[in-house]
Amino acid sequence: MLVTRVVGDCPGCGAKDSFGNVSVHEYVLRGCKHCQYQSVVWLPEIRKKVIYLDQFFFSGALRGKDPRFKVAAERVKRMCRLQLLVAPYSSVHEDETHQWRGHEGMTNDQLMEFVKATSRGAEFEKDYNVERTQVLKAWEAFLKGQPPEYIFEDRDAIQGTLEEWDDYFRIDVGGYMRDIELKRQLKEEAVDELVKVLDQWQASIQTFDEAVALEIHDAARQYVDTYLTMLKRHAEGDFSATINSPMVAKVIEHMMQWLPEDQPLPERLQRCGEFFQSPHFAEVPNQWLSSHMFATMREMVKRGTFSNRDEARKRLNGVFEDIKHISLYAPYCDAIVIDKFMADLVRRPTVNLQKRYGVKVFSLSSWDALLDWLDSLEAGMSKEHKAGVAAAYH
Ligand SMILES: [Zn+2]
């Protein structure tokens with residue numbers, strides 16, 4: 001058998017240093033390099049915590065200039081090895097890393113390798129899958145007349161389970177498929193637009209609640225518009241519409257499958273429209289969070305934040321990714337590490353991420369608290385858990 005960690009001589013055939021760990025499941029499978037002898041060591045039940053590390057954490061740790069990142073990164077890795085924690089990476093990390101233009105001789109491949117090494121291959125579901133899952137679950141609740149409060153399940157956002165012990169090998173699935181230059185360009189355009197919008201925000205007389213409603217309305221309109229564009233392309237005989245329409249267009253396509261096929265299209269669209277105006281849609285976690293984060297930013301702009309537009313441009317450069325990340329993944333995490341600006345934003349009473357979704361928010365201003373939290377995980381390890389770690393990964 002393929003023995004990856006030798007524990008000693010084989011109890012079966014007696015061959016010297018040929019018996020050891022083969023694989024890890026709910027038990028450690030042990031075998032011999034020379035004979036068929038096998039045994040298992042059962043592992044206790046575990047439940048890992050989830051931490052989300054923002055891109056600034058990874059690039060800071062890789063750059064190595066600020067020792068705080070390195071200390072925290074080592075501690076995160078230790079807790080992951082102890083099976084107490086996972087730090088999954090996401091498709092948004094990949095997008096950001098591939099757009100990164102490198103820094104002082106470090107390439108974006110090195111950064112991606114570092115991100116993957118830190119996360120030990122653990123992954124969040126792709127951003128568009130989390131978004132679609134959340135909308136479809138809310139749609140189902142809407143159609144069944146259930147309450148609008150969203151019901152979280154780990155599998156909405158996290159691949160694999162938090163109860164499983166790490167095996168020795170993970171498969172790194174596939175290369176990066178998105179168009180990097182296009183992404184870069186779209187991002188720059190989006191930031192340009194946002195900087196232009198700051199003037200409107202500053203002069204805006206809308207209330208906070210109106211701003212939230214507007215954000216949600218815009219998101220709904222985007223779903224409907226992209227879907228209608230896709231239908232139109234189909235009707236005109238453009239069959240590539242199915243494969244190269246934006247992911248959001250497919251969300252309504254999926255929603256339609258829940259409605260009777262013989263119902264005329266306008267009626268089905270009407271039903272979708274009712275959903276988009278309902279509390280069910282407003283309570284979709286990524287909608288709720290991104291609308292409240294943007295509306296809170298708008299309030300800050302009204303009060304004078306970003307009055308220096310050049311500074312604003314610099315700061316807002318990563319803001320769409322940050323808001324996307326946080327709104328999609330934070331509710332599934334026990335802790336998130338984000339930059340100071342975002343941490344300040346999500347701590348404001350109009351977002352209050354920690355209270356609403358029970359996630360601890362850390363930034364460079366609360367680094368000691370982050371280290372303390374990580375240490376507390378190890379301090380709380382049971383004797384059985386420690387023995388399991390020793391048996392599986394000694
Ligand atoms: Zn043997």
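Two strands are taken to pair if DSSP finds at least two bridges between them. The views below show a predicted model.

**View 1. The hairpin of β3 and β4 is an antiparallel pair.** Strand β3 covers residues 27-32 and strand β4 covers residues 38-42. Five bridges join these two strands, which run in the antiparallel sense. Five residues lie between β3 and β4 in the hairpin. Within the pair, R30 has S39 of β4 as its bridge partner.

**View 2. An open sheet is built from four strands.** The order of the strands is β1-β2-β3-β4, and their pairing is antiparallel. Because β1 and β4 stand at the edges with a single partner strand each, one side of each is left without a neighbour in the sheet. On average, neighbouring strands of this sheet are turned by 35° against each other, direction ignored. Strands of a sheet pair through backbone hydrogen bonds, either parallel or antiparallel.

**View 3. Strand β1 pairs with β2, and a helix packs on the sheet.** Three bridges link β1 and β2 in the antiparallel sense. Here G8 stands opposite F19 in β2. Helix α18, formed by residues 383-393, packs on the sheet and touches β1, β2, β3 and β4. The direction of α18 makes about 110° with that of β2.

View 4. For comparison, the ideal angle for four tetrahedral donors is 109.5 degrees. C13 lies in the loop between β1 (5-8) and β2 (19-24), and C35 lies in the loop between β3 and β4, so the pair ties together parts that are 22 residues apart in sequence. C13 counts as partly exposed because its relative accessibility is 42%, a value between the limits of 20% for buried and 50% for exposed.

**View 5. Helix α5 spans residues 127-143.** This helix has 17 residues and reaches 25 Å from its first C-alpha to its last, close to the 24 Å expected at 1.5 Å a residue. The buried residues of α5 include V130, V135, L136, W139 and F142, and among them are also D127, N129 and E131. Just after α5, G145 takes a positive phi of about 70°.

How values were computed:
Residues are numbered from 1 along each chain as its sequence is written. This is a predicted model: local features need pLDDT of at least 70, side-chain atom pairs count only at pLDDT 80 or more; totals for chains, interfaces and linings use all residues. Side-chain values use heavy atoms; hydrogens and water are left out. Buried means under 20% relative accessible area, exposed over 50%, partly exposed in between (1.4 Å probe, protein chains only). The expected span of a helix is 1.5 Å times one less than its number of residues. Axes are lines fitted to C-alpha atoms, for helices over the stretch in contact, and angles run from 0 to 180 degrees between N-to-C directions. Contact means heavy atoms within 4.5 Å.
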